[in-house]
Each structure stands twice: as C-alpha cells, then as structure tokens.
Amino acid sequence: MSSSPSSRGRPRDPRSHEAIVDAATELVTEVGYAATSIGAVAARAGVGKDTVYRRWRGKPELVFEAVFTTTDHAPTPDTGTLAGDLTALLRGLIDEFHAPAAAAALPGLLADFAADPVLKARIRSDFLAPSKERLQIVFERAAERGEIATETPVDLVLDTLAGAVFFHIGLVGEHPDPQLAGRLAAVIAKGIEIR
C-alpha cells in the first residue's frame with residue numbers, strides 16, 4: 001500500500017513499485033536511513049525521481065513501507081486458537097523488526113515522526129490503520145469461539161503486541177529467541193481471555 005494519491009494516466013507498473021521498495025530496503029541497510037535519498041533509490045531502481053514521488057510523498061513513507069509492511073500481505077492466520085494466531089502474527093512482526101533494514105531505519109524514522117505530526121498521522125492512517133483492520137478477524141474469531149469478550153479493545157491489544165516487539169528488538173536490541181513469539185502471545189491471550 002502506498003500513501004500517494006490515486007494515479008492518473010497510464011497504469012503503474014508493479015515491477016517499478018517492487019524495484020523501488022527493494023532499492024529502498026537495500027540502501028537503508030547499506031548506508032543507513034540518513035544517507036538514503038529518493039534520488040539514490042530512484043537510480044538503483046532504474047526509475048526517475050518523479051516515479052518515486054508519484055507513489056510516496058517522501059523518504060519516510062517510502063522507507064516505512066519498504067521495511068515495516070512486509071507482513072501486511074501475509075495471509076491472516078487461522079490456527080484455531082487466539083494464542084496460535086497471535087504467535088503466527090508475532091513471528092512475522094519479530095522477523096520484520098529483526099531485519100537489518102529495520103535496525104538501520106528505525107532511529108531515523110522515529111526522529112522524523114517526532115518532528116512531523118502530519119507525517120505521523122499519515123503513517124497511522126495510510127499504513128497502520130489498514131493493517132489493524134485486516135487483523136480484526138483474528139479477534140472476531142476468538143470472540144466467536146468464546147476465548148475473549150466481544151468488547152475486547154482490539155486496537156489496544158494490537159498496540160501492545162507491536163509495542164512489546166518494538167521495545168524488545170527495536171529499542172533494547174535484544175536478539176529474539178525462537179520462543180519469543182509464543183511467550184508474548186501466551187501473555188496477551190491470557191490477559192484478555194474470558195474469566
């Protein structure tokens with residue numbers, strides 16, 4: 001998903017989109033967030049800068065999409081239990097935050113978000129809100145199975161999951177062990193279960 005307005009004229013080439021996202025990920029990993037520029041991304045992707053700006057408003061949106069939306073296209077898990085579904089979701093999130101590009105991008109993105117409330121609002125509306133909507137079904141199924149109450153604050157639960165991964169891996173820099181996803185999922189599922 002890009003944060004750009006709808007396109008006019010000829011249809012966009014999905015290969016260009018993929019090349020731009022790949023180039024952004026590679027450059028952030030190689031030279032860091034601060035040294036990554038739209039011009040360098042365009043050159044590596046083999047497109048003009050205008051092609052990049054038609055899809056993204058600027059570097060923060062491009063890098064965020066390239067690095068932190070890799071799990072957005074994964075199938076929504078359906079393991080039969082909330083803990084199982086959350087474990088599957090968390091594995092993807094942990095992999096995303098543990099990737100070299102995430103470690104390179106995170107400090108610069110956080111600084112940009114802090115300095116620009118409009119940017120922060122765009123990231124929330126263009127990227128985070130659709131991701132959360134997509135994951136609603138996990139909690140709807142859990143409520144149907146009687147695992148959680150229908151009034152469970154899903155937004156807060158999702159923020160808690162992402163926040164735990166962000167803090168553990170992104171800020172503290174811990175190397176995730178193979179059991180991290182399951183342990184976090186168990187804590188959250190137990191905390192919101194019907195008693």
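Student: Why is E193 called partly exposed?

Tutor: Buried means under 20% relative accessible area, exposed over 50%, and partly exposed in between (1.4 Å probe, protein chains only). E193 has a relative accessibility of 27%, so E193 counts as partly exposed. R195, at 72%, therefore counts as exposed.

Student: On what basis are such values given?

Tutor: The model is predicted, so local features need pLDDT of at least 70 and side-chain atom pairs count only at pLDDT 80 or more, while totals for chains, interfaces and linings use all residues. Residues are numbered from 1 along each chain as its sequence is written, and side-chain values use heavy atoms, with hydrogens and water left out.

Student: What makes E193 and R195 a salt bridge?

Tutor: A salt bridge is a side-chain nitrogen of Lys or Arg within 4 Å of a carboxyl oxygen of Asp or Glu. The closest N and O atoms of E193 and R195 are 3.7 Å apart, so the pair meets the definition. The structure holds 11 salt bridges.

Student: Which parts of the chain does the salt bridge of R57 and D126 link?

Tutor: R57 and D126 meet at 3.7 Å, N to O. The pair links distant parts of the chain, 69 residues apart: R57 is in the loop between α3 and α4, and D126 is in helix α7 (residues 117-144). The helices are DSSP runs (H or I, at least four residues), numbered from the N terminus.

Student: Are R57 and D126 buried or partly exposed?

Tutor: R57 has 45% relative accessibility and therefore counts as partly exposed. D126 has 17%, so D126 counts as buried.

Student: Why is the aromatic pair of F68 and F97 called tilted?

Tutor: Rings of Phe, Tyr and Trp (its six-membered ring) pair if their centres lie within 6.5 Å; planes under 30 degrees apart count as stacked, over 60 as edge-to-face and the rest as tilted. For F68 and F97 the values are 5.2 Å centre to centre and 50 degrees between the planes, so the pair is tilted. F68 lies in helix α4 (residues 59-68) and F97 in helix α5 (residues 82-98), so the pair ties together parts that are 29 residues apart in sequence. Both F68 and F97 are buried.

Student: How do you know that the charged end of K59 sits over the ring of Y33?

Tutor: The criterion is that NZ of Lys or CZ of Arg is within 6 Å of the ring centre and within 35 degrees of the ring normal. The charged end of K59 is 4.3 Å from the centre of the Y33 ring.

Key
Helix = DSSP H or I, 4+ residues; strand = E, 2+ residues; numbered from the N terminus.
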